[in-house]
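Hello,

Here is the structure I promised to pass on to you. Have a look at it first, and then read my notes below.

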Amino acid sequence: MNAPTTSLRAGPDANGHFGQFGGRYVAETLMPLILDLEKAYTEAKADPAFHAELDDLLKHYVGRPSPLYFAERLTAELGGAKVYLKRDELNHTGAHKINNCIGQILLARRMGKTRIIAETGAGQHGVATATVAARFGLPCTIYMGARDIERQAPNVFRMKLLGAEVKAVESGSRTLKDAMNEALRDWVTNVHDTFYIIGTAAGPHPYPELVRDFQTVIGKEARAQILEREGRLPDLLVASIGGGSNAIGLFHPFLDDDGVRIVGIEASGKGLDTHEHAASLAGGRAGVLHGNKTMLLQDEDGQITEAHSISAGLDYPGIGPEHAWLHAIGRVEYQSATDSDALEGFKLLCRTEGIIPALEPSHALAAVARIAPTMGKDQIIIANLCGRGDKDIFTVAAALGVVM
Amino acid sequence: MSADRLSARFAACAAANRAALVTFVTAGDPDLATSAEILAALPAAGADVIEIGMPFTDPMADGPAIQRGNLRSLAAGTTLRKVLAMVRDFRASDDATPIVLMGYFNPILAFGPERFATEAKAAGIDGCIVVDLPPEEAGELVPALTSHGLHLVRLATPTSDAQRLPAVLSGASGFLYYVAVAGVTGANSAAATDVATAVARLKAATDLPIAVGFGVRTPEQAAAIAAHADAVVVGSAIVDAIGAAAEERANDIPARVSAQVAALARAVHNARQEKAA
Ligand SMILES: Cc1ncc(COP(=O)(O)O)c(C=O)c1O
């Protein structure tokens, strides 16, 4: 008798839960809206015209498929498994964020919404949102923590060039979580005309599902590309995790492939033994924030504590609910990399491959540098190079003590 | 106390043909001692029902005034345990004024829903409003509250259309809180005619008392709503005044709040007579 095989790719359930995580923890004012969004998304998924337009834009506007690149000198330097990089940093706007933004703005248009809002941390999601808003001729407001505005100045200017209004968020820790609070406040105030493009695989259902679906283009391409190139699946996938969208995008199409080891890398900032990190799985507890139940950095009274990472895009005290679940069931392994690990990963890729990575995937590269030498030369790693580092050169210069 | 304080108070107001004034303050704002004094003075000033905010770092349904109140309170060291202790002290001298806790789910979850319900009941709490816990997710809290006779007050909003309203009302108890504007607390006020229409629509769907809040700041605005609703909720205006007084380092914050609440209470309590006259 065959045991029923249950796919790990079937979630969430009808109420948006991945195991005990996920759900819709929002103010009542927003409930009818997210139920509408769920309905619109279900209809869009079944509409071939929606997919045709999405695919066309991904190909001709974003520049997909992104290459799967064999990093030969990096591999030689590490002396172990073959390292492939999924080059999503080559996308228009320089990161994976645009994959999701294109999908969501098509949904916004389908729903007749005429105004776009978003939160941003590193500014990559803000830039990607401002980009698609310009492309579709919709006014756009981006919420960004005042502290992130200081450390990501080039992206702030990009958003403004693209016609977006950038609103500095001065509340709380003045970073990504506060920007998300402020975007939710805007949404609840402007429910009639506004579409909120959430930038990571978190938030109230159906966002974690739809952001994941739009990002799985990464994993679907990578799967086909490695099969074509190597004739087999990889042994290991590695991706960095802020909210978890680039990671779930790469991981999801492989979740049912038992032979593929999957590792997500949280940012451990100044170290897991300090309070200055952003590793919500390693250092958090289950809780509710920003519309979903997930693992959160919080104190014993349930107050959210501030995250820290050198990378503004990973500087978030939570994580998408599907990762919280994959962690709980043990399908995905979660490790971490510190600020200084990430800087080493950053320099390593610059030096060996002539690619300047963003600080977010530099965390994944640090993990690759750690794991690859322990693996055999016939084994294969795919790491998600989900963003390019132009935006980070000032941060890196400051960290390396260089005056520009 | 065996009878339900909320239903007793709403019944008394209805018998007197007047609306109830519901006042909101954040517990521990600007500090616990001052907050306890403010609380103790509210019933005499004319508050019929007291809503007490449980502070949270990320109050995403609140505007700047209540966000700042939350941060002042947390900076002063307020915890859920201390909030409950403050209510227990209040109950030593007032066993009639209903008290409803208002806040976000995470601090309750961290405390433990069952422990929260047990200790809230023991402290003399009558119910709670959990802003980010819609009916779909309330299963984690409702059984604990119900088994201790505590109400989970539901919120209806301008976006609660005919399709959504049954979900909001199913299992609702205590009273129904109508959020008069789509927005955060402290937003602009809703037009009185819109409120009247909404209250009529809700009354057709439920027998629960209807309290209207969000955007009610002045005695005039409160009176306009009191003509139609069973209760009027004023929050940000009071929290704003506490914030301003705290900034001045005033030492008469409770007296100032009492004066403000008294003016609101006069307007709310007399609204129907003045309208009829
Ligand atoms: C290049 C890049 N990678 C990763 C992230 C983190 O987000 P996520 O975990 O959703 O991929 C960001 C966020 O700004 C980013 O810009």
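**What I found**

Chain A exposes about 13900 Å², of which carbon and sulfur atoms supply 52% (accessible areas come from the Shrake-Rupley method with a 1.4 Å probe; for residues, only the protein chains shown count as cover). Before you go further, please note that this is a predicted model, where local features need pLDDT of at least 70, side-chain atom pairs count only at pLDDT 80 or more, and totals for chains, interfaces and linings use all residues. Residues are numbered from 1 along each chain as its sequence is written, chains are lettered from A and ligands numbered from 1 in the order in which they are written, and side-chain values use heavy atoms, with hydrogens and water left out.

Now the overall build. Of the 404 residues in chain A, 65% count as buried, meaning under 20% relative accessible area with a 1.4 Å probe and protein chains only. The C-alpha atoms fill a box of roughly 65 × 55 × 50 Å along the principal axes.

Next, the ligand. Among its polar contacts (pairs of N or O atoms within 3.5 Å), a polar side-chain atom of Thr200(A) lies 2.5 Å from a ligand oxygen atom, and one of His96(A) lies 2.9 Å from a ligand oxygen atom. Gly242(A) takes part through its backbone, with a polar atom 2.7 Å from an oxygen atom of the ligand. Taken alone, the ligand exposes 390 Å², and the protein buries 97% of that.

Enjoy exploring!

Conventions: A polar contact is a pair of N or O atoms within 3.5 Å; within protein, one must be able to donate a hydrogen and the other to accept it, and residues adjacent in sequence count only if both atoms are side-chain atoms. Buried means under 20% relative accessible area, exposed over 50%, partly exposed in between (1.4 Å probe, protein chains only).
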